[in-house]
Amino acid sequence: MTAPRWKPFSESPPHPKSWPTCSRYSAQLVRGYAVCGQATIGAASLHNLIKAIGHTKAKALDLVSRHVPAGAKVLELSCGEGILADAMLRRGYEVRGSNYSIYPQRNPAVPVDTGVDIMEPLPYLDASFDCVVLSEVLQNVPDHRFVLGEIARVLRVGGVFVLTTPNMMNIKSRLHFLFTGYFKVKWMFIGHDVPLSQAFAFHNHPVHLPVLLYYLNALGFATPLVDGIYVKPKSVLLTALFGWLVKPLTWVNVSCTEKNLKHSKASRQHYEALTSFMALTADRLAVVARKGEVKQALSSVSDVPEWAQAYRK
């Protein structure tokens, strides 16, 4: 099977008449392990893999296997017990892990650097890895920009970043926010008696997909592939009931209302990402982004406040 094509979006969003039908996404209903109707792992092998390491890690491994050649140098940040790192090692990758704390490791053959705080500069040289994996971590840290910047720094040009994180953009979370003011991505809301030193244990900083797309673009990544994990029947039903409203409202917003998007290629990118089947129905996002060459400065079309001009580099 060939990997999904990496291609930039066109200048403007598609006309509503060109929206894809549900049949295009029918194969994606199997827990998010299919793309464009083609399974990436056989059913029996997938079942055994999920049983061994869980849905989320199995998805991350699937994405690494599809986008990164065997033998490549892979870094998994905050790898915990090294379950995913061990699985990648068995697939033929040269794997290194990092943790802030010391965990018992599933496979001692995987080197793990301890004392690594991802909110500090990573202890690795520039352009030293072919792939960086960050699985179920970003929602726990306050400064996404810094963490993503360090990942971009240690990745080689052409290297791949694989991210899994709770999906605050699914339709269940959007409706929950509409009626309660809370996005439905947290495992529990943080109590006001929790000290700041332990706040990282809660999902206080869910990843806002439009902002993630901006960060990845600003850091030199190509247009990312936005996939998902854990498609739930309730979300599919809600998408069937309200998708007809979500899609046109999103189209109007990115093509007409958001003035810093409507005249750029980002307009189509945001529309596609925010209205995709996985963004609307999956409990977790799985994102793959490939690092490109350093970009040349583009002509400015965004309305940047005058007071912010002094910070332009």
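This is a predicted model: local features need pLDDT of at least 70, side-chain atom pairs count only at pLDDT 80 or more; totals for chains, interfaces and linings use all residues.
Me: Which helices do the buried residues of H7 pack against?
Reply: First find the buried residues of H7; among them are Leu238, Gly243, Val246 and Val254. Lys247 is also one of the buried residues of H7. The buried residues pack against helix H5 (171-180), helix H8 (266-275) and helix H9 (277-281).

Me: How many residues apart are Lys59 and Asp227?
Reply: Side chains of opposite charge can pair when their charged atoms come close. Lys59 and Asp227 meet in a salt bridge, 2.9 Å from N to O. Lys59 sits in helix H2 and Asp227 in strand E8. This pair links distant parts of the chain, 168 residues apart.

Me: Which residue forms a salt bridge with Glu136?
Reply: Glu136 lies in the loop between strand E6 and helix H4. Its partner lies in strand E9, 148 residues apart from Glu136. The closest N and O atoms are 2.8 Å apart. The partner is Arg284.

Me: Why does Arg284 count as partly exposed?
Reply: Buried means under 20% relative accessible area, and exposed means over 50%. Partly exposed is in between. Arg284 counts as partly exposed because its relative accessibility is 23%.

Me: What separates Glu150 and Arg153 in helix H4?
Reply: The side chains of Glu150 and Arg153 meet in a salt bridge, 2.9 Å from N to O. The two residues are three residues apart in helix H4. They are therefore separated by about one helical turn.

Me: Which residues are linked with Glu150 in a network of salt bridges?
Reply: Glu150 counts as buried, at 11% relative accessibility. Arg153 counts as partly exposed, at 24%. The network links Glu150 with Asp126 and Arg153.

Me: How many salt bridges does the structure hold?
Reply: Lys59 with Asp227 is one of them. Glu136 with Arg284 is another. The structure holds 10.

Methods:
Residues are numbered from 1 along each chain as its sequence is written. Side-chain values use heavy atoms; hydrogens and water are left out. Buried means under 20% relative accessible area, exposed over 50%, partly exposed in between (1.4 Å probe, protein chains only). Helices (H or I, at least four residues) and strands (E, at least two) are DSSP runs, numbered from the N terminus. Contact means heavy atoms within 4.5 Å. A salt bridge is a side-chain nitrogen of Lys or Arg within 4 Å of a carboxyl oxygen of Asp or Glu.
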